[in-house]
Amino acid sequence: MKTWLGLILAATLGVIAPAASAQNNWNKPTEPFHVIDNIYYVGTEGLGAYLFTGSKGHVLLDGATPEGAAIVSANIEKLGFKLSDVKILLNSHAHFDHSGGLAQLKAATGAKLYAMQGDVSALEGGFYLGSETNKTMSAPPVKVDHVLGDGEHVKLEDIDLIAHLTPGHSRGCTSWGTTASASGKDYEVLVFCSATVAANRITPPLQYEGIVQDYRATFAKAKTMRVDIPLAPHPEFFGLLQKAEKAKTDKSHNVFVDPAAFAPYIAQLEAVFETTLKQRTDAAKAAAQ
Ligand SMILES: [Zn+2]
């Protein structure tokens with residue numbers, strides 16, 4: 001299992017090497033698995049994608065990279081679901097490792113893409129907002145059919161997802177919430193977008209106007225959220241593949257129920273963000289002298 005230190009290092013390394021060098025497990029297949037209720041993991045080994053199934057069609061969250069899209073499609077079919085039953089496509093954030101496969105998946109399913117206002121330009125333009133000329137971070141452009149606002153519900157018969165705007169990592173970074181039931185109990189599920197600094201410039205010239213305030217608003221908002229089942233676009237954030245492995249033998253309870261994980265994770269992200277901001281601000285001051 002990855003340690004917090006590992007996560008901090010990964011986040012810090014992103015500062016040094018922000019280039020979008022694809023990590024070696026991003027385009028590697030992995031077995032799809034059931035999370036809880038109507039929720040399935042259909043991503044690659046390194047990139048999450050989630051299928052919310054319903055009686056009148058399904059909702060797919062995230063498309064991995066352009067290379068990963070075929071893995072996502074294959075995983076949906078491996079679980080016995082039809083691509084043509086995917087009616088709505090969603091995105092955690094408009095970065096090529098989560099949005100790069102959306103154009104292909106849209107064509108393969110015929111689904112409509114719903115996206116948060118702040119990420120529409122990047123999705124439709126196929127660029128990383130604020131780094132438009134950096135082609136290593138570009139993605140195939142994809143048309144947004146419905147623009148979402150903070151707190152909007154996306155409903156499809158028995159599926160009900162809430163779009164929580166948690167900006168910073170991207171301007172329209174969206175954390176998706178829903179309630180899942182198992183064994184007569186309800187659980188709050190959240191696919192937390194991300195709040196790592198990664199390739200973002202958080203000192204001038206800013207990645208986008210207001211980015212620092214956005215990160216801080218996201219940390220404040222995340223602290224108010226109750227999350228019983230934390231999920232993420234990067235499965236290692238909450239050790240999801242390890243949990244899936246454990247679920248094969250441990251049938252006594254749902255191993256994805258992990259209510260103690262979210263708050264400390266957010267606290268660590270916030271600490272890394274503030275430390276990084278201070279270091280970069282100090283470095284910029286020193287350089288200006
Ligand atoms: Zn990202």
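Is the crossing of α6 and α8 left-handed or right-handed? The crossing of these two helices is left-handed; a crossing is called left-handed if the near helix is turned anticlockwise from the far one by less than a right angle, and right-handed if clockwise. The structure is a predicted model, in which local features need pLDDT of at least 70 and side-chain atom pairs count only at pLDDT 80 or more, while totals for chains, interfaces and linings use all residues. Residues are numbered from 1 along each chain as its sequence is written.

The protein chain has eight helices and twelve strands. Helices (H or I, at least four residues) and strands (E, at least two) are DSSP runs, numbered from the N terminus. The radius of gyration of the protein chain is 18 Å, close to the 19 Å given by the globule rule for 289 residues, so the chain is as compact as a globular protein of that length. This radius is taken over C-alpha atoms, and the rule is 2.2 Å times the number of residues to the power 0.38. Along its principal axes, the C-alpha trace spans about 65 × 40 × 35 Å. Of the 289 residues, 45% are buried. A residue is buried if 20 or more other C-beta atoms lie within 10 Å of its own, exposed if 12 or fewer, and partly exposed in between, with C-beta atoms placed from the backbone. Of the contacts between residues at least 6 apart in sequence, 65% join residues at least 24 apart; two residues are in contact if their C-beta atoms, placed from the backbone, lie within 7 Å.

Two packed helices are described by the angle between their axes and the distance between the axes. Axes are lines fitted to C-alpha atoms, for helices over the stretch in contact, and angles run from 0 to 180 degrees between N-to-C directions. Helix α6 (residues 211-222) packs with helix α8 (residues 262-288) at an angle of about 160°, and their axes are 10 Å apart. Helix α6 is therefore roughly antiparallel to α8. Angles under 35 degrees count as roughly parallel, over 145 as roughly antiparallel, 65 to 115 as roughly perpendicular and the rest as oblique. Val212, Tyr215, Phe219 and Ala222 of α6 make the contact with Ile266, Glu270, Phe273 and Leu277 of α8. By class, seven of these residues are nonpolar, none polar and one charged. Ala, Val, Leu, Ile, Met, Phe, Trp, Tyr, Cys and Pro count as nonpolar, Asp, Glu, Lys and Arg as charged, and the others, Gly among them, as polar.

The axes of α2 and α4 come within 9 Å and cross at roughly 40°, and the two helices are therefore oblique to each other. Their crossing is right-handed. The contact involves Ala69, Val72 and Ser73 of α2 and Gln104, Leu105 and Ala108 of α4. In helix α2 (residues 69-78), the buried residues are Ala69, Ile71, Val72, Ser73, Asn75 and Ile76, and they pack against β3 (50-52) and α4 (102-109). Just after α2, Gly80 has a positive phi of about 95°.

Leu161 lies in strand β9 (residues 159-165) and is buried, with 24 other C-beta atoms within 10 Å. Beyond its neighbours within four places in sequence, Leu161 is in contact with residues including Phe52, Val59 and Trp176. Thr136, in the loop between α5 (117-125) and β7 (146-148), is exposed, with 12 other C-beta atoms within 10 Å.
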